[in-house]
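Look it over before reading on.

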Amino acid sequence: MQFQLGTYLQGLETTASFDPSNQDFILNSPKPSSIKWWPGDLGRSANHAVVLAQLYTQGKCHGMHAFIVQIRSLLDHSALPGVKIGDIGPKMALEQVDNGYLMLQNIRIPKDNMLNRYSEVTSDGRYIKKGSDRINYIVMVFTRVKIISSEMVTALSKACVIAIRYSVVRRQSKLKTGSMPSSCTYEEENTVLQLQTARFLIKCLNKIECGEPLPQSLSYLYEPITHHCCAKEKSDFLKPFLYIELYKHRAHRLIKDAGIKLQSLLQSGVEQHVAWNSTSVQLARAAVAHCHYIVVKNFVETLDGLKFEPEIQQVIKMLCDLYALIGILDNAGDFLYDGYLTGKQLDLMTACQLHLLSLVRKEAVSIADAFDYPDEQLNSAIGTYDGLAYQRLFEWAQKAPTNAKKKVPQTVHYSLSTPLCQASL
């Protein structure tokens, strides 16, 4: 893919200009953003590459085309003149694959090195198209499909088999005192915390029936459940009291619904541990809804504490509004379930969210810079203060230990440097 524009093929910057006087193409990577980045086997292994470039002939661009380019010597495996090539450096996975970078500077290749099944350039520079322009993009589409079908599907299916088999074997706690451990573990996962929170919520729900006081964080359970959101305009969803009510309503309903189901099972004679286990999905959802309400409520209260710093408060309120609206839209079913929100109101909320995103986007860098991390502490090529992400990433890649000049081993020299047509089968 291209350094800066990734797989945005229409924005390809590498050029291949036809020179009729020499009957060849001149390939160039005009700026750092046009460097080829990440192809496998490019870092240390490949001698040739199929390079995608914008084809220019007779002063006109004819779009993306593919060219076979020799990039390393067949004698000593060194980079050819005008070719900057190397390994991109350490990665989080697949270290055995030498993903590399490639920059071309006035590289001349024979006219016949253009892959010309669907288009060609004549000796006098005329461009002849033999098929659809879209055919040039088929390689990328095919590659993506192949990655999904041959790599991801197999890996994910194996992971599913392993995880499901182990979840049956791995046990943590006892559903019933004195019994063998029989409930699946949730270590390193939030569900165990959600169910612990749910146990506290159900205890508080039982206190209501006895008329006992509740903690401040759950006092809303004493309040009657409202039935409809009062928002009529897009701007209404920027009012903190309104979206706090939304979160409160959701938490209130889900907690009471989980409590009703649990109580119904108990009254039908189901044992306590079985009833709890049968209600665990609803209980976990209720716990999440309560925590979400508390987070939004505390966010708004913190916002109120910034009233003497209006400029800061304005920016933080944008973040608060955006956080609240994203949470509602991501869980829209919970708010639509009992008719508290309508489809029209969700449309207004979506429009409001998009407007907030456009505002936050303008302030995003300043907000992040408020953490005041120096570049040395971030230790990131792409996150430097000066914004020179691609230049610095290229510099770091060139300095990677994998690009240190080493003598090519004889076995590698033979397998990589000998033309395929001369190799014995």
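This is a predicted model, with residues numbered from 1 along each chain as its sequence is written. Local features need pLDDT of at least 70, side-chain atom pairs count only at pLDDT 80 or more, totals for chains, interfaces and linings use all residues, and side-chain values use heavy atoms, leaving out hydrogens and water.

Q: How many residues of strand β1 are buried?
A: Strands are DSSP E runs of at least two residues, numbered from the N terminus. Buried means under 20% relative accessible area, with a 1.4 Å probe and protein chains only. Strand β1 covers residues 15-19 and is mostly covered. The buried count is four of five.

Q: Which residue of β2 stands opposite Asp 19?
A: Two strands pair if DSSP finds at least two bridges between them. β1 and β2 (residues 24-28) run antiparallel, joined by five bridges. Opposite Asp 19 stands Asp 24.

Q: Which residue in the hairpin of β1 and β2 takes a positive phi?
A: Four residues lie between the two strands. The phi in question is near 55°. It belongs to Gln 23.

Q: In which sense do β1 and β4 pair?
A: Strand β4 spans residues 48-57. Thr 15 stands opposite Gln 54 in β4. Three bridges link β1 and β4, and the sense is parallel.

Terms used
Buried < 20%, exposed > 50% of the residue type's maximum accessible area, 1.4 Å probe, protein only.
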